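Welcome, and thanks for taking a look. Please open the sequence and the structure side by side, and let us walk through a few spots together.

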Amino acid sequence: MQRIEQHASFGGSQEVWKHASTSTGTEMKVGVYLPPAALEGRKCPALYWLSGLTCTEQNFITKAGAQQYAAAHGLILVAPDTSPRGEGVPNDEAYDLGQGAGFYLNATQAPWASHFRMEDYITGELPKLIEQHFPAGEARGIFGHSMGGHGALTLALRHPGRYRSVSAFSPIVAPASVPWGRKAFTAYLGEDEAAWKAHDAVQLIEAARERLPLLVDQGEADEFLSGQLKPELLRAACEKAGHPLTLNLRPGYDHSYYFIASFMGEHIAHHARALAG
């Protein structure tokens, strides 16, 4: 791994690293915030953030205001890019497919399958690198926004025991049923909709093998609320399965990082409680 940025922040260090990824076959960038406790050499839990469509590792580290809370709770923040990028990596002219739109799954269809293996990267390769190169313990949490909220929920549900906590802002909870998800799943996974269910949080809730409490915040002024996000489907699935869910509907808030930053402290406190245990 090679460090390409370093900034002092709340007594800690906000850094950006790049490395060659065996999962994606490309160079990947990842933001890493090291709290004061980590700089002192103490082992800290790692909290992984998954960003939304069009984002890179930069959006979260510059806009979410998370460093102050991570410093106070002694958490390492890990914010990877949203997809493989670079020359030779397949792409699409639209913002919601291809580079910047990896959807946190392993693609099975050409031309995407050779590089778009974000599930392997997020759940396997990246934690190994973080725990090798930084004072990160094995306690992990995961959260994200929009497409990244989808990723956080589905990866936690698909990998029981991997994470101790999970939360999401404005997640795409039922991608198999909304335009963003249907477009991406058709391209990455093929036409067989049965294969899509394994990457759809609403579909995964019923058979979940562990009951990690879900914390979800959703702005009621979000322009994508009714067409793409549909949090009511997640609420119904959790009620039916008896899965613990806290769903906060926030009047007046939209889909932006202004919304995320407003409730970031509550989310990091949620993770800190679980990771401390």
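Pro111 sits in the loop that runs between strand E5 (76-80) and helix H4 (118-133). In this predicted model, the peptide bond joining Ala110 and Pro111 is cis, with omega at about 0 degrees. The loop between E5 and H4 is also the place of Tyr104. Tyr104 is not a glycine, yet its phi is positive, near 55 degrees. Because its relative accessible area is 1%, Tyr104 is buried.

You will find Thr54 in the loop between strand E4 (44-50) and helix H2 (57-63).

Now turn to the loop between strand E2 (12-20) and strand E3 (27-34), where Ser21 lies. Is Ser21 buried or exposed? Its relative accessibility is 6%, so Ser21 counts as buried. Setting aside neighbours within four places in sequence, Ser21 is in contact with Thr26, Met28, Tyr121 and Glu125. Glu232, by comparison, is 211 residues from Ser21 in sequence and 37 Å from Ser21 in space, C-alpha to C-alpha.

Next come the salt bridges. How many salt bridges does the count come to? The count is 11.

| Pair | Closest N and O atoms |
|---|---|
| Glu15 and Arg3 | 3.4 Å |
| Arg117 and Asp120 | 3.3 Å |
| Arg250 and Glu266 | 3.0 Å |

Glu15 forms a salt bridge with Arg3. This pair links distant parts of the chain, with Glu15 in strand E2 and Arg3 in strand E1 (residues 2-9), 12 residues apart. Glu15 counts as buried because its relative accessibility is 3%, while Arg3, at 41%, counts as partly exposed.

For the pair of Arg117 and Asp120, Arg117 is partly exposed with a relative accessible area of 27%, and Asp120 is partly exposed with 32%.

Arg250 forms a salt bridge with Glu266. The pair links distant parts of the chain: Arg250 belongs to strand E9 (residues 245-250) and Glu266 to helix H10 (residues 257-276), 16 residues apart. At 17% relative accessibility Arg250 counts as buried, whereas Glu266, at 43%, counts as partly exposed. Salt bridges with shared partners join Asp217, Arg250 and Glu266 into one network.

That brings us to Asp217, which lies in strand E8 (residues 214-219). Its relative accessibility is 0%, so Asp217 counts as buried. The side chain of Asp217 makes a polar contact of 3.2 Å with the side chain of Asn248. Beyond residues up to four places away in sequence, Asp217 touches Ala168, Phe169, Ser170, Pro171, Asn248, Arg250, Phe259, Phe263 and His267.

Finally, let us look for empty space inside. Rolling a probe the size of a water molecule over the atoms shows where such space is left. A search of the whole structure finds one cavity of 30 Å³ or more, and the largest cavity has a volume of about 40 Å³. Which residues line the largest cavity? They are Ala156, Leu157, Val166, Glu210, Leu212, Leu214 and His243. By class, this lining has five nonpolar residues, one polar and one charged.

How values were computed
Residues numbered from 1 in each chain as written. Predicted model: local features only at pLDDT ≥ 70, side-chain atom pairs only at ≥ 80, totals over all residues. Heavy atoms only, no water. Helix = DSSP H or I, 4+ residues; strand = E, 2+ residues; numbered from the N terminus. Buried < 20%, exposed > 50% of the residue type's maximum accessible area, 1.4 Å probe, protein only. Contact = heavy atoms within 4.5 Å. Polar contact = N/O pair within 3.5 Å; in protein donor to acceptor, adjacent residues only side chain to side chain. 1 Å grid on protein atoms, 1.4 Å probe; cavity = no way out; pocket = protein on both sides within 12 Å on 5 of 7 lines; lining within 4 Å. Points joined across faces, edges and corners; volume = space filled by probe spheres on them. Nonpolar A, V, L, I, M, F, W, Y, C, P; charged D, E, K, R; others polar. Salt bridge = Lys/Arg side-chain N within 4 Å of Asp/Glu carboxyl O.
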